[in-house]
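Subject: Handover of a structure and notes on it

Dear colleague,

Please find the structure below, followed by an account of what was found in it. I would be grateful if you kept the view open while reading.

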Amino acid sequence: MRGGGGNPSGNYRNPCLTMHQPWASLLVHGIKRIEGRSWPSPIRGRLWIHAASKVPDEATIKAMEDFYREIYAVNGITDLKFPEHYPISRLLGCIEVVGCVRGEELASWEMVPEGVRLEGQTDFCWLCEQPQKLLIPFEMRGYQRVYNLEKKIYEAAVRGLVSVEGPLPVKFPLPNPRDPFSLKPGSISVQFPKSKASDIEKSSSLSAAIAGARAAATQFTKKDENLSMVIPNGAPDTVRTDQLTSKSLKEDAMLDTNINERSSNDGTLVSNDKEQSFLPKCEASSSHNKTPAGVERGGPHKIFAASLRGLKPS
């Protein structure tokens, strides 16, 4: 189901995915077109994107921006405009997941731009189109894997979306337009059996950018890394930070990059039926993480936050 906010074959009403920054904003702004995972996408259609609470450091932001500059340059695009801010703990917008293929299939898919093929560095590649961002990203809590947005959050967020024109939008062709799941792992191999991975000439700067992006992603495998997460069945406003083992951190935190290490776990659904607290607030972090002053200090966000609760702004 395209653009319908759900998937007829699953229990996802308004599916959402929590991702680390800067990957989350790069996806919503249409720069990132492939979301890499170690498990296939369980949905087709609208997928909401939420930024996790980890503040991205300057080195990580630079590494990922350099990576995208280089892969877009392969297709002749050299004037990329990156997000001015990389906010955390906020719902940012949504994209359309139109298919999912294996990484080696994407590398062999001659019908998509070369730069897109360079994004596919994982076992499974979720193909993303039609990015939309929230005019005012608002605070909410995230969960692991794909989960459903709480109804009240969805109803408020869907009214605040604006379309985003990426630097090189891609239209991924469905083998069977009547079947939204026709573009699935194995479909490209069947549809184009003679396709082979094209030899994209890698300059020294492109190779360095790919290496830097890989290094940026592997930071999430460090032992004793803190990952903020929610207790799904806890009190509505309760958040805890768990000390995760290296194994579980690799399994869950690394899944939200498209240049990560591989594992073999399948995605699971975590539902959240409790009311959440989502009033915007200021975040103390780097300049990339700050919300514009007009949003931090009042004004539009007060009206927007009040609308979420069905109240009149004060």
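Which residues of α7 are buried? The buried residues of this helix are L206, A209, I210, A213, A216 and A217. They cover an arc of only 120° around the axis, so they lie on the same side of α7; the arc is that of the directions from the helix axis to the C-beta atoms. Buried means under 20% relative accessible area, exposed means over 50%, and partly exposed lies in between (1.4 Å probe, protein chains only).

Before the remaining findings, a note on the source. This is a predicted model, in which local features need pLDDT of at least 70 and side-chain atom pairs count only at pLDDT 80 or more, while totals for chains, interfaces and linings use all residues. Residues are numbered from 1 along each chain as its sequence is written, and side-chain values use heavy atoms, with hydrogens and water left out.

The chain as a whole

The protein chain has 10 helices and 10 strands. Helices (H or I, at least four residues) and strands (E, at least two) are DSSP runs, numbered from the N terminus. Of the 314 residues in the protein chain, 53% are buried. The accessible surface of the protein chain comes to about 14,100 Å², and 51% of it belongs to carbon and sulfur atoms; such areas come from the Shrake-Rupley method with a 1.4 Å probe, and for residues only the protein chains shown count as cover. Among contacts in the protein chain with a separation of 6 or more, 85% are between residues 24 or more positions apart. Contact means heavy atoms within 4.5 Å.

Helix α7 covers residues 204-218. Its 15 residues should span 21 Å at 1.5 Å a residue, and its end C-alpha atoms are 21 Å apart, which agrees. The expected span is 1.5 Å times one less than the number of residues. What covers the buried residues of α7 includes α1 (23-28), α2 (58-73) and α4 (114-119).

Helix α2 has 16 residues and reaches 22 Å from its first C-alpha to its last, close to the 22 Å expected at 1.5 Å a residue. Its buried residues are T60, I61, A63, M64, E65, F67, Y68, I71 and Y72. Their cover includes α1, α4 and α7.

In soluble globular proteins, nonpolar side chains tend to be buried together. Here the largest nonpolar core has 39 residues, and those with the most contacts inside it are L47, I49, M64, Y68 and W126. At least two residues of this core come from each of β1 (15-19), α1, β3 (45-51), α2, β4 (90-102), β5 and α7. The largest share, seven residues, comes from α2. A nonpolar core is a set of buried Ala, Val, Leu, Ile, Met, Phe, Trp, Tyr and Cys residues joined through side-chain atoms within 4.5 Å.

E129 is placed in strand β5 (residues 124-139). This residue counts as buried because its relative accessibility is 4%. The side chain of E129 reaches the backbone nitrogen of F172 at 2.7 Å.

V170 is found in the loop between β7 (161-163) and α6 (187-191). With a relative accessible area of 11%, V170 is buried. Leaving aside its neighbours within four places in sequence, V170 is in contact with R33, P113, V116 and E129. The C-alpha atoms of V170 and L127 are separated by 9.2 Å, although the two residues are 43 residues apart along the chain.

Details of the backbone

Where is the cis peptide bond that involves P22? The bond runs from Q21 to P22, with omega near 10°, and P22 is in the loop between β1 and α1.

S89 has a positive phi of about 55° although it is not a glycine. S89 lies in the loop between α2 and β4 and counts as buried at 13% relative accessibility. Q130, also not a glycine, has a positive phi of about 50°. Q130 is found in strand β5 and is partly exposed, with a relative accessible area of 41%.

Yours sincerely

Conventions. A polar contact is a pair of N or O atoms within 3.5 Å; within protein, one must be able to donate a hydrogen and the other to accept it, and residues adjacent in sequence count only if both atoms are side-chain atoms.
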